[in-house]
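Here are a few notes from going through the model you sent over. Have it open next to you while you read.

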Amino acid sequence: MNILTEYTLNYVKRNKKNTISILVAITVGTILLSTVVLMSYMLWDYELEKIILRNGNYHGYFNAYINKSQIPYLRENQKVDQLYLMTEFISGKINLERPYVSISYMDKNYLDNMPTKNTLMEGRLPEKADEIVVMGNFIKENPEYKIGDKVKIELGYRHNNGVQLGPFDLLQEGESFTKEKEKEYTIVGTISGKIRSYEPSYTFFGFLDVDLIEDDIRLTPFLRMKNPRTIYKDLPEIGKALGFDCGEEVHSEYLYKAVYNTSYLKLQGILPPSAELNEIISMDIVAFIIFVLFAMLLFVIIVYNVFTVWSNNRLKQLGILKSVGATPKQIRKTVRLEAIFLSIVPIVSGIIIGHLFCYFLTDKITSVVKNSNVDIDGNIYKMVFKTSPVIIGLIIVLAFITILLSVSSPARRLSKIVPIEAIKQSGLDYKHFKRKKESYSSRNIVSTLARDSLNGNRKGFRTTIISISTSFIIMAIFLTAVSINRANRALNTIENYYTMNVTLYTAELANENMIKEIISIPKIKESIVYKSTYIYSKIKPEYASDEFDNIGGFNDNANDYYKKLDDGYELNVVLMGLDSNSFDNFVKSQGGNPSDYYDENNPKAVLLNLVKEDINQPLARANFIPFLDDGVDSLSLNELANGEGYSFNIDIGMKTSKKPIKDLYLMNYNIYLFVPKEILNSLMEDFDLPGDYAHSERIRLLVDEEDIEEVKKKINEINKYYLPEEDYYIWDILDDIAQEEIQNRTMYLITFSIVFFLGIIGVSNAYSSINNNLRNRRREFAMLKSIGISKSALKKMLNLEGIYYCTYPFIFSIPLSLIVIVIFAKLGTVFSTKDILLFLDFRVIAIYTAVIIISIYLAYYFGIKKVDKDEIANVLKDEGI
Amino acid sequence: MEILRTESLTKSYGEGESKVIALRDVTFSVEKGQFVSIVGASGSGKSTLLHILGGVDRPTSGKVFVEDREISTLKENELALFRRRNVGLIYQFYNLIPTINVKKNILLPLLLDGRTPDMEHFNEIVSMLGLENRLMHYPGQLSGGQQQRAAIGRALIYRPAIILADEPTGNLDRKNSNDILELLKVSNRKYKQTILLITHDEKMALETDRIITMEDGRIISDEVIRQ
C-alpha cells in the first residue's frame, strides 16, 4: 500500500474517539442531502404517475388515421417498442334514454396501458370482440340494464341533408341514421366519465381484435419508442412513411401529423428541439437544482468546520511530513483520503436514516390527510414513499463530491503551510492579536485571561460562529416564509359570510326548479344565486373619480390589471346577474327602483363603485375609494378583449359602495356591474363565443356549521335528479377549516424537521469545535494550574468564554435575520416588516437558541470537568498535546 | 568544494513594535564534508538559520545556495523534493510520525518518492543505528535515544548532501548523547556527508571541525578547529 494511504488509514484507526464529531457531521449532512434528493424524486415520481394516469404512457401518436394494412409496418418498425391501437368512434343507434351510442374499440395494449383502465368502476374491461364497457350514466339512465346483460346496437352513421354527422354532434332537426350492420354486445363493466345532459349519445368502449376488423376501419396508433430520446426525429419520419400529409407546421417535429405525450416526455428530460429556454430550464428543474445545491452548501458548512478542527489537530504531523519531503499535492491527497475513509460509514448510515426519515414524514402526512377525509390540493399531501438504486447512487455521489469540496480548502491551506510553523504550531493567530494597553489587576485578571484567549483563538472559532449564524439565518428565512403565509391567511383572505357554495357547471341555462328546490331547504338562513361573465370596457381617463385621480388615477405604465389604449384604457369588467329576489332587495336597500333594471332593450346595471386605494395593502387593512366619477352614466362593453366580440352599451342606474354579495372578493381595478340574471341571460344570447361553462351558476348559502352536512346531503339528493355528479361542486367552510388544519400540521412537521436539522448542525459544530479547542489547550490550563490558579478562577475563565460563544453568533445573526425580513417585506409589498414579525413563530427561534446555548454550555461543562481531572505534570510532559 | 552558501540572509517576524529580527544579514559558506557546529545563547538565531537552510522555513530576504542551487526562491513542490532528497533534518524532539512503525519512518523519504528502497543500504543504516530489533515498533514504544536514532536513520536514508541537526541530543542523557554524536561522526566520515549541528554542549562542539558562534542573529565568530 502507498505510504500516505497507510499513514492516513492508521491515523484514522488510532484516533477513533476524535472522529466522532466528523462522523456525526457527515451523517447529518448526508441525511439532509438524502431528504432533499428523495423528496424531489418522490414528487417527480408522483407527477409522472399522475401524467401516466391522466394521459397514458405512450410517447407519441398521429393526428391521422391508419388502416389495417399499415399495422404490420408499425409493429415491425425497429424504432417502435409498443403499439396501442384505438379505432375511430362509430355511431350506433340504440333508442334508449338517449338515441345513440358512440363506440370505439381498443386493443389489449391500449387497454393495458392507457387511462381508460383507471376509469373502471365496476366489472372488468372487455377482452373479446363482443364485449363492451359502458359509461356509468348509461346504467343510471337505463336501470333495466346491468353488467352481464346483452345489448343490441345498430352500427352505421348519422346524417342530415346529405351531410354526414359526427358521433358526438348535437342532435339536429331532421337528421337520420343509416344502419350498416347490427351487433350484439355483452356489458362486462362500467367506467366513469363526464357526459353532458344535452349530448345525444352514450359512450361505449369495445375490444379491438385486429384480425377481425374490416379493412377500411380507421385507427389511431399510439406508439412507445425503443429510444424515446430521438422521438422528435423518429415520429415525423414514421408519419412520412405512413403517407401522412406533411402539414405546414413551423417546427419539423410536428410535421406529418406527429403529436407527442409532451408532459410525459418532459418529465423524462426529453424536450422538442423547438423548446424555449424556459421550458428546457423549467422552474421545477431550477427549484430542484437550487434545493440540492442548498443542501450541499449546508453539508459543506457542517463538514468544513469539523474537518478544519480535525485537520488542525494533526498540523504537527503534516508539518513533519512536509519537512521530510511530502509535496503539497501529497499533503492534499492525505487530507482527502482521510475524508473519504471517514465518510464511508456515515454516508451509508446517513442514507439509511434519511430514507427512514422520509418514510416517516410521508407516512405521517398521508395519515393526517386520510384521517381528515378532505380532498386537499398539493402534491406533497399525496406523495408515496419511493426510492431506487439510481437515487441512492446519486446521493452517494453527491455526498462524496460535497465532502471533497468541504475538505478542499483545509487541504489546500495545510499543503501551503510552512513546515516549521506547522511543527511548532501553537494554534494562536498572532496576526490578528490585538495589542491592548491595559494593566492587569488582580481584580480583573480572570476576565482578561478569558478575553486574551478568545483573541488568540479567534480564527479557530470563526467557522463555528459562521456556521451557527448561517443555520440561524436559514431558519429565519424559512420561518419568514411561513410567517408570510400565515399573515396572508389572517390578513389577506376574505372573511366568508356564506358558509356553503354550490357551483353548477352548465353550457345551457340552469334548471330554475332545481335552484328553487335547493334554496328552499330548511336550515338555509340566507341565499343568493348569481352568474358572472367576464368582459371588457374601454374607459376614458376622465372617467376616474376625483379620489382615484388624487392617488394617481389610471397609469400609463404597463401593469397586470388594465391595458393602455390610444385614447383610454381597456379594463376588465365582471358583469354579474343576480337572482331577481336578491337583486330587487338590494336595489331597494340602496333607494332604487328594481323595475328600472328589467328592460332587455335598454339594459341598466348597478355599478359597485369601489377600487382599492392601495393595492399593496392586505385586505384586512385595505381602504376602498370610489373608482369611477359620479358623472359616468354609461359604459361601452365588449365580449372579448381588444374591442372584439359582441359589443353593447349599458346604462348605469346607480352607483353603490355596498356589495350585493356580502363576501364578494374584488379583483384589483375590475369594474363590477350587477343586473338581474334574466337580463344577463338575454345579453349573453348575442355573445359570439360564450364558452363551455358560460351559464355556470353559483348558489351561496348561509347555513350554521352544525347543519352543513345535513344541507349538503339534501342538495345531493336534489341534484341527482337534474345533473350528473360531475356537473356540480359543493364547497363548505368546514372543508376550508379542515384543509387549513392539515396545512398547518404539515407545515409544522416540515418546520420542525428543518429546524431540527439546523439545530443538529449548530449543536454538533459548536460542541466539536469547543471540545477540540479545550483539548488542545490542556497544556495551557495545566500551566495555569501549576502557577496557582484556583479551580473556581479557572472555571470562571472558561465560563466567561462560554458566555461569549453563546452570545456572539446571535449578535450577528439576529440583525442579519432582521435584514432578511425587511428584504422579504420590500420584495413582497403587501406585508410590512411589522406584519411579518407579528406572525413569526418566536417559539421555534427561542427553542433553537436555547438548544445552541445549552450545547455550548455542555461543551464547556464537560471540558472543565476534564481539565479539573488532569494531572499537571503528566499534561506538561505529554508531547502528544 | 563549497556545498552551501548564504548571502545576506535575514529573517524577521511580526511588524512594528512586535517585530523580531531572528537573523541579520548572515553570510557564510560550508565546504563539502565539513562537520560544523553552531553555538550561541537561546534566541541567537541558530535554529532559524538551520530551518532556512533545510527549506522548512523561508527567509525574509537574502539567498541560500545548496550545491550551487538557490533554494530560497524554489517553488513549493521543488522545495519539497529538495527536503526529501538533498537534506536530512534531525530535530531535538525527534518528530517521528507516531502512527507508522520505525521501519517506515526511516524509509519515509524514499516511500514518498515512490521508490523501492535499497535494502542493503537500509540494513547498513539500521545496523549502524542499532535498531534491528525495533523496526516493527512504533515511536511511542521506543526510548528517547532510540527515537532519535530512528530520526537520524530517516535523515540518512536518501544519502542527502547535507545533514542539519537541531540540538539532537537536547532531550537525551549523557550516554545517548555520546552515541548520537558518534553516529553523526560516522555518517560524516563514512558517507562524506556535510553536517551542521546546533548544540549547547561545548564539549560536543569541540568534537566538530568548525564552530560558528551566533549572537543576536549574527555570526560573531567562525573558528576552524580541524582541517
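1. Start with strand β6 of chain B, residues 87-90: Val87(B) and Leu89(B) point one way, Gly88(B) and Ile90(B) point the other way, and all are buried. Buried here means under 20% relative accessible area, exposed means over 50%, and partly exposed is in between (1.4 Å probe, protein chains only). In a regular strand the side chains alternate between the two faces of the sheet.

2. The partner of β6(B) is strand β7 of chain B, residues 162-166, and the two pair in the parallel sense over four bridges. Leu89(B) has Leu164(B) as its bridge partner in β7(B). For the bookkeeping, two strands pair if DSSP finds at least two bridges between them; helices (H or I, at least four residues) and strands (E, at least two) are DSSP runs, numbered from the N terminus.

3. Keep in mind that this is a predicted model: local features need pLDDT of at least 70, side-chain atom pairs count only at pLDDT 80 or more, and totals for chains, interfaces and linings use all residues. Residues are numbered from 1 along each chain as its sequence is written, chains are lettered from A and ligands numbered from 1 in the order in which they are written, and side-chain values use heavy atoms, with hydrogens and water left out.

4. Chain B also has an open, antiparallel sheet of four strands in the order β2-β1-β4-β5. β2 (20-31) and β5 (69-70) sit at its edges with a single partner strand each, so one side of each has no neighbour in the sheet. Two bridges join β5(B) to the antiparallel β4(B), residues 61-66, and Phe65(B) stands opposite Glu70(B).

5. Helix α11(A), residues 328-372, gives the most, with eight residues. Leu404(A) belongs to helix α12(A), residues 389-416, and is partly exposed at 31% relative accessible area. Patch residues have over 30% relative accessible area and no salt bridge; nonpolar side chains (Val, Leu, Ile, Met, Phe, Trp, Tyr) are joined within 5 Å and like charges within 9 Å. A salt bridge is a side-chain nitrogen of Lys or Arg within 4 Å of a carboxyl oxygen of Asp or Glu.

6. Finally, Lys791(A), Lys795(A), Lys865(A), Lys866(A) and Lys869(A) form a positive surface patch. The largest share, three residues, comes from α25(A). Lys791(A) lies in helix α23(A) and is exposed, at 59% relative accessible area.

Notes:
Accessible areas come from the Shrake-Rupley method with a 1.4 Å probe; for residues, only the protein chains shown count as cover. Lys and Arg count as positive and Asp and Glu as negative; His and the chain ends are not counted. The place of a charge is taken as NZ of Lys, CZ of Arg, CG of Asp or CD of Glu.
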